[in-house]
Amino acid sequence: MNLIEGAVKRPVFTTMGILIVLVLGVFSLTFLPVDLMPELTLPIISVRTTYENAAPADVEEQITKPLERAIVAIPGAEEISSVSAEGSSSIFMQFTWGTNLDEASNDIRDRIDRVIARLPDGIERPFIQKFDIASRPIMFLGVSSNLHAVDLKAYIEDEIAFRLERNPGVASASPFGGLDREIRVELDQSKVKALGIDLAQLVTAIHGENITEAGGTLDRGRMSVAVRTKGEFTSLSDLGSVFIMRSPERGSAVRLRDIATIEDGWAKISRVTRVDGHEGQFMGVFKQSGANTVSVSEGVQGTIAEINDTLANVRLTTMMDSADYIKTSLKTVTISALYGGTLAIIVIFLFLQHVRSTLI
């Protein structure tokens, strides 16, 4: 007895089997994760190096080319490309599919360690990162406020970010843009030259004073108290009091405030962020690996509405939401399926010319 004969002779069994498949399908569809892209790690590793205020040509000659020569022969490497820009170097390595990226990353790190001593002193250590689609933000939020840009950034980190990160599936909520606080020490060149102060000596003196170190333990009877020397700067006055040298002419101490002007300001402004015409900042919301983008987005949208209702001095606006595109794509697929099913029924009816047979 073949499959068709068995289905016809056992209608109850056939009907129950179809119902079981339909129920399991509907149940599975309810809990099926919906996302724009599958969990996929492309075989690409990037090496990024920061060299502040360096020209692109200098970055290429002093950083990009030495690093390329050091890592180009790594096993499995298929293609290598680089971008040298002002103050930064980016090298992208594409490997063949199936390459163990953890081993490749360790190999890159070992080869960089061999040549890092020949790189300029002012660079930050090269940052190695595997390319992961899930590492991109799923949402961009705009934050507008009447607060000062420096205060707004601190307010976002202290009052807003943690509330967004409490949502299930959210890995982090990071602010972009804004102003970073910066303490500027502007030297009086004539005084520095007259006293013969070396800039390396000056930097060493400032770093040496701005430290907090453990001082061991102090035993008092049954008690053992941990002791530390607290020397970090807490004000501009503390920074200005740093001892630089002793003046040979007057025999008096020369402190930083005697040869420099110290100001509390912010870092150089290279970009301006505006939200709805007002000065503001952006926030990127990152989801955890394996989390459902649509569910995470819905939870974050609820928190945004709550923040806008409870915090009067800030307002959050959704600038980009990946879930919107996913929902639109899902709606398009659903409509296409309905159109396809309807057309299939019409075609079957035209061939069979019988309503009951068409329904079966």
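Author: A polar contact is a pair of N or O atoms within 3.5 Å. Keep that cut-off in mind; the model above is a predicted one.

Reader: Which backbone oxygen does the side chain of Asn167 reach?

Author: The side chain of Asn167 reaches the backbone oxygen of Leu164, at 3.0 Å. Asn167 itself sits in the loop between helix 5 (149–165) and strand 6 (170–176).

Reader: Is Asn167 buried or exposed?

Author: Buried means under 20% relative accessible area. Asn167 has 12% relative accessibility, so Asn167 counts as buried. Leaving aside neighbours within four places in sequence, Asn167 is in contact with Gly299, Val300 and Thr303.

Reader: How many residues does the largest nonpolar core have, and which have the most contacts inside it?

Author: In soluble globular proteins, nonpolar side chains tend to be buried together. Here the largest nonpolar core has 22 residues, and those with the most contacts inside it are Leu141, Ile160, Leu164, Met283, Val300 and Leu316. Two or more residues each come from strand 5 (139–145), helix 5, strand 6, strand 14 (278–287), helix 10 (293–310) and strand 15 (314–321). Helix 5 supplies the largest share, 6 residues.

Reader: What is Leu316 in contact with?

Author: Setting aside neighbours within four places in sequence, Leu316 is in contact with Leu141, Gly142, Val143, Ile160, Leu164, Ile304, Ile307 and Asn308. Another core, of 21 residues, lies apart from the largest one; Val47, Ile108, Leu119 and Ile123 are among its residues.

Reader: Where is Asp107, and what does Asp107 touch?

Author: Asp107 is in helix 4 (residues 101–115). Not counting residues up to four places away in sequence, Asp107 touches Ile74 and Pro75. Asp107 and Pro75 are 32 residues apart along the chain, with 9.0 Å between their C-alpha atoms.

Reader: What volume does the second largest pocket have, and which residues lie nearest its centre?

Author: Rolling a probe the size of a water molecule over the atoms shows where empty space is left. The second largest pocket has a volume of about 530 Å³. Its lining has 17 residues, of which Ile183, Val185, Ile206, His207 and Leu239 lie nearest its centre. Strand 7 (181–187), helix 7 (199–209) and helix 8 (236–240) each give two or more residues to that lining.

Key
Residues are numbered from 1 along each chain as its sequence is written. This is a predicted model: local features need pLDDT of at least 70, side-chain atom pairs count only at pLDDT 80 or more; totals for chains, interfaces and linings use all residues. Side-chain values use heavy atoms; hydrogens and water are left out. Helices (H or I, at least four residues) and strands (E, at least two) are DSSP runs, numbered from the N terminus. Buried means under 20% relative accessible area, exposed over 50%, partly exposed in between (1.4 Å probe, protein chains only). A polar contact is a pair of N or O atoms within 3.5 Å; within protein, one must be able to donate a hydrogen and the other to accept it, and residues adjacent in sequence count only if both atoms are side-chain atoms. Contact means heavy atoms within 4.5 Å. A nonpolar core is a set of buried Ala, Val, Leu, Ile, Met, Phe, Trp, Tyr and Cys residues joined through side-chain atoms within 4.5 Å. On a 1 Å grid over the protein atoms alone, a cavity is a set of points where a 1.4 Å probe fits but cannot get out, and a pocket is an open set with protein on both sides within 12 Å along at least five of seven lines; lining residues have an atom within 4 Å of a point. Grid points are joined across faces, edges and corners, and a volume is the space filled by probe spheres set on the points.
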